Number of protein chains: 2
Amino acid sequence: MKSQYPDTIRLLVDAYSRLTPELQKAARFMVEHPEEIGLNSMRTVARDADVKPATITRLTKALGFREYEALREPFRQRLRTRSPEFAAKLQDVQRRGKTGSRSILSDLRAQEIANIEHSLSDDNLPIMDEAAQTMHESRRVYVLGLRGAHAPAFLFHYAYQLFQDNSQLLDTSAGIFADQLRGINSEDSLLVVSFPPYTQLTIDAVEYAAEASARIIAVTDSVVSPAANAAAHIIVTRNQSPSFYHSFTGAVGVMQALITLLVTKAGGDAVKIVEEAEKRLSRISAYW
Amino acid sequence: MKSQYPDTIRLLVDAYSRLTPELQKAARFMVEHPEEIGLNSMRTVARDADVKPATITRLTKALGFREYEALREPFRQRLRTRSPEFAAKLQDVQRRGKTGSRSILSDLRAQEIANIEHSLSDDNLPIMDEAAQTMHESRRVYVLGLRGAHAPAFLFHYAYQLFQDNSQLLDTSAGIFADQLRGINSEDSLLVVSFPPYTQLTIDAVEYAAEASARIIAVTDSVVSPAANAAAHIIVTRNQSPSFYHSFTGAVGVMQALITLLVTKAGGDAVKIVEEAEKRLSRISAYW
DNA sequence: CGCGGAATGAAACAAATGATTCATCTGTTG
DNA sequence: CAACAGATGAATCATTTGTTTCATTCCGCG
């Protein structure tokens with residue numbers, strides 16, 4: 001008995017674009033909450049995914065399974081084969097839940113830790129490494145992140161520009177957005193950061209870059225995100241938050257991981273270059 | 001909502017000797033196959049344990065649970081929450097064997113988690129709460145972060161501006177930096193993010209704000225940082241990184257914590273305001 | 001031997017599950 | 001606008017689930 005969980009996920013992702021909206025909603029929930037599929041009944045899954053039970057049945061048929069149980073089995077198998085060891089670190093953190101704002105904050109801390117753990121997960125490590133390799137081989141690295149995603153995008157660009165001079169941060173100021181991408185071609189790569197609600201401008205830019213055959217690295221919330229549509233490398237980051245706005249901590253962590261990898265690939269000199277650059281850029285405070 | 005899987009196992013083990021033979025068989029199976037409890041139906045468990053369904057029901061009652069579902073829940077919860085922790089542990093093992101980029105990345109992950117834990121530590125929680133209160137009571141909130149610190153500063157400003165309109169992000173573009181602070185006074189607060197090497201411009205701005213009696217919230221690396229000199233609230237974030245550049249993950253986490261607190265203080269309407277704002281700001285992609 | 005009480009198993013039940021059917025809705029095409 | 005096909009949802013069905021009830025078995029003691 002071989003574990004076909006990855007195949008099932010791939011099936012879900014590959015079929016995604018051919019599915020109807022309701023089926024997509026169900027498929028997306030499955031990709032994003034794989035544990036719940038193994039743990040709960042079909043009706044419960046349907047309820048949590050905000051979908052009718054019949055939709056789940058239709059999805060199983062649409063994917064080519066004979067019955068729901070066949071679709072569910074890989075998810076269940078995956079949960080079975082995990083390490084029997086139990087570590088309660090996360091729950092310990094959660095357990096400290098106090099009252100009022102302290103409770104919210106400790107909740108937030110637990111979620112941020114989980115965000116980092118998932119964003120820098122084992123699954124993502126090789127993807128990030130390949131993505132870094134792609135960027136390393138690129139003539140030019142375009143960086144795109146609008147609205148909230150500007151923060152991680154900027155951070156990447158700033159750190160990158162300290163040791164390489166072939167990056168360009170796309171911004172919307174002065175309406176020159178489209179012009180900035182004009183020269184992009186297959187030798188270039190585009191690092192795009194995008195989260196729901198996806199900005200139309202971002203999606204348009206990604207499609208433009210894809211048509212120009214540029215390599216796309218997408219940092220986003222799901223493999224079926226529109227920003228990941230034509231991406232060569234999809235880095236999925238968890239972004240849960242107890243607050244109204246999703247967290248960018250995971251995305252920032254990914255950016256810093258990419259920078260770290262790129263510095264390594266750039267060679268040992270890069271570190272010295274960087275140190276010099278930062279010192280040159282600022283007068284160190286007299287305090288230090 | 002606390003998860004008591006260890007307690008449940010202990011309960012099973014402790015009660016074991018007092019149970020009747022059939023109940024023991026069931027209890028033993030549960031202890032030895034905890035995953036199956038969370039994954040399968042009661043009847044399936046009974047079949048696998050070679051026991052009648054009624055025996056399982058009797059066991060749940062014998063252990064003091066009201067219904068089977070109550071006994072099953074801890075087992076299920078465990079399968080849900082264990083995955084990230086397990087991933088980290090597995091990676092630690094792998095780290096010793098592998099070389100190169102994977103080792104660096106797992107290093108980075110461990111450090112980022114530590115950064116979050118320290119930045120959102122119990123010591124910092126009350127400070128952040130007070131800082132949020134100060135900002136909440138301010139007429140105007142100035143936000144300052146230059147170079148790398150621009151990322152967390154921008155993130156704060158962007159999220160804040162979604163539900164409040166009294167913030168100003170200080171930037172250096174077009175040489176109008178000094179002008180932007182001109183009107184600051186004792187009713188205002190300045191949220192400043194700064195890390196070594198401290199930018200002189202940042203320190204100057206903080207001193208200017210301090211002379212104007214503005215309340216200063218400093219997010220920085222040390223209580224003796226020049227940026228914290230005149231600060232009313234000092235939020236120390238850890239920023240370690242295996243790379244050349246220090247991490248901003250902790251600072252981003254603090255920013256998001258402050259936003260969370262400020263939304264709470266702003267009242268329940270804020271959430272709706274935000275949702276509307278985001279929708280207005282962007283056309284949702286046709287994909288969704 | 002047989003009686004009593006507990007342990008066990010078989011049967012029965014309502015509630016739920018997964019699947020199917022059919023009616024309605026939606027959006028497209030001519 | 002009409003007409004059609006596909007997508008969706010409501011209703012329904014047989015099956016499975018967790019639980020309870022009741023009959024049977026087991027075993028120690030007189």
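Predicted model: local features only at pLDDT ≥ 70, side-chain atom pairs only at ≥ 80, totals over all residues.
Residues are numbered from 1 along each chain as its sequence is written, chains are lettered from A and ligands numbered from 1 in the order in which they are written, and side-chain values use heavy atoms, with hydrogens and water left out.

Around DNA strand C there are 16 residues, and A:Met42, A:Arg43, A:Lys61, B:Thr20 and B:Arg58 come nearest. A residue is near a strand if one of its heavy atoms lies within 4 Å of it. Sugar and phosphate make up 54% of the atoms of DNA strand C that come within 4 Å of the protein.

Some of these residues make polar contacts (pairs of N or O atoms within 3.5 Å). A:Arg43 reaches a base instead: a polar atom of its side chain lies 2.3 Å from a base nitrogen.

Helices here are DSSP runs (H or I, at least four residues), numbered from the N terminus. At least two residues of the surface near DNA strand C come from each of H4 (42-48) and H5 (53-62) of chain A, and H2 (21-32) and H5 (53-62) of chain B. H5(A) gives the most, with 4 residues.

DNA strand D is also surrounded by 16 residues, the closest being A:Thr20, A:Arg58, B:Met42, B:Arg43 and B:Lys61. Of its atoms within 4 Å of the protein, 57% belong to sugar or phosphate and the rest to bases. A polar side-chain atom of A:Arg58 lies 2.4 Å from a base oxygen of DNA strand D, while an N or O atom in the side chain of B:Lys61 is 2.6 Å from a phosphate oxygen.

Within chain A, helix H1 (residues 5-16) and helix H2 (residues 21-32) pack at an angle of about 145°, with their axes 10 Å apart. Axes are lines fitted to C-alpha atoms over the stretch in contact, and angles run from 0 to 180 degrees between N-to-C directions. The contact (heavy atoms within 4.5 Å) involves residues including A:Ile9 and A:Leu12 of H1(A) and A:Ala27 and A:Val31 of H2(A).

Technical notes
Polar contact = N/O pair within 3.5 Å; in protein donor to acceptor, adjacent residues only side chain to side chain.
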